[in-house]
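Dear colleague,

I am handing over the structure that we spoke about, and I would be glad if you could look through it before reading my notes.

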Amino acid sequence: MTRAFAIAAPPSPPTVRAALSYLAPGERAPVHYAFEPPPGTPWESARYEARTVDIGDARRWDHRPSVHREGFELWDAPTALRDHGDEDEIRRIYYPELEALALAATGGQRAYVFDHLVRENMQAGELDFGRAARGQTAAPNARIHNDYTERSGRRRLAMVLGEGADTGANARYCIVNLWRSLRGPVLDTPLAVCDARGIDASDLVEAEVRYPRRTGEIYVVLPSQRHRWWYYPGMDRHEVLVFKQYDSRWSGVARLVPHAAFAHPDAPAGAPPRLSIEARCLVLFD
């Protein structure tokens with residue numbers, strides 16, 4: 001992983017001071033379960049520690065972030081989706097909307113949404129990996145992470161298009177996450193994103209995520225003074241946050257954006273719990 005641009009200055013006011021959950025230094029090869037693990041096995045094998053950081057208001061930034069520079073950008077993108085519990089409606093209506101949005105945001109030529117996840121903040125106590133017991137909706141994920149590593153990002157191309165797909169030997173592609181609130185403005189557990197220009201390969205640790213039928217690989221993140229954090233206060237249903245999770249191009253663009261939910265210290269009492277949907281989309285440029 002390489003940095004393509006000079007790091008930004010620390011966020012200027014207005015900011016919020018909040019805790020983000022970093023991997024504890026010295027931890028190696030973390031394993032997380034996305035479903036109830038076997039008896040006697042912990043949900044996650046590594047230690048995480050809360051670090052209080054400044055999280056800037058990206059709505060008040062003096063320029064518009066770019067998915068290829070900082071690694072993220074906010075779009076006004078109303079949806080025709082009405083029932084987030086209807087899997088057929090999500091794939092029939094929502095997926096094509098997101099594919100068009102991903103192309104507009106990235107400048108790509110073809111786009112394929114390949115999965116989605118609904119999260120709801122119904123758990124009491126401290127936020128964690130967002131694990132879900134059988135039959136429950138996933139909670140917000142507070143562990144700082146990136147959805148793909150170098151290895152799993154490369155592997156995803158064939159998983160989406162098929163092993164025999166002809167994309168050209170050097171075809172560029174990327175994977176973006178598209179994140180939306182489903183229940184009005186997000187007040188309690190917003191999503192924080194890290195400016196891609198401050199990420200170094202030494203900050204990233206490969207971790208396994210075990211599902212009932214497969215094992216995925218993500219990056220979890222060690223703390224660094226170079227990290228600059230941002231969020232969009234009060235994200236509403238008509239808005240979508242598009243952020244980079246992998247790019248096959250090695251330099252000149254943002255390649256990944258670590259992110260995490262955080263408990264907003266100024267959330268009003270009785271604020272409705274966050275309900276959100278996130279989707280991942282493969283974008284081909286050639």
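Predicted model: local features only at pLDDT ≥ 70, side-chain atom pairs only at ≥ 80, totals over all residues.

Residues are numbered from 1 along each chain as its sequence is written, and side-chain values use heavy atoms, with hydrogens and water left out.

The protein chain has 2 helices and 14 strands, where helices (H or I, at least four residues) and strands (E, at least two) are DSSP runs numbered from the N terminus. Of the 286 residues, 54% are buried, and here buried means under 20% relative accessible area, exposed over 50%, and partly exposed in between (1.4 Å probe, protein chains only). Among contacts (heavy atoms within 4.5 Å) with a separation of 6 or more, 79% join residues 24 or more positions apart.

In general, nonpolar side chains tend to be buried together in soluble globular proteins. A nonpolar core is a set of buried Ala, Val, Leu, Ile, Met, Phe, Trp, Tyr and Cys residues joined through side-chain atoms within 4.5 Å. The largest such core has 25 residues, of which Val-176, Leu-178, Val-242, Cys-281 and Val-283 touch the most other members. Helix H1 (87–106), strand E5 (110–120), strand E7 (173–181), strand E12 (239–247) and E14 each supply at least two residues of this core, and H1 gives the most, with 7 residues. A second, separate core of 18 residues includes Ile-55, Ile-199, Val-221 and Leu-256.

His-264 is found in the loop between strand E13 (259–261) and strand E14 (275–284), and it counts as buried because its relative accessibility is 15%. Leaving aside neighbours within four places in sequence, His-264 is in contact with Val-16, Leu-187, Asp-188, Pro-190 and Tyr-231.

Ala-29, in the loop between strand E1 (15–23) and strand E2 (31–33), counts as exposed because its relative accessibility is 56%. Phi of Ala-29 is near 50°, a positive value in a residue other than glycine, whereas most residues other than glycine have a negative phi.

With best wishes
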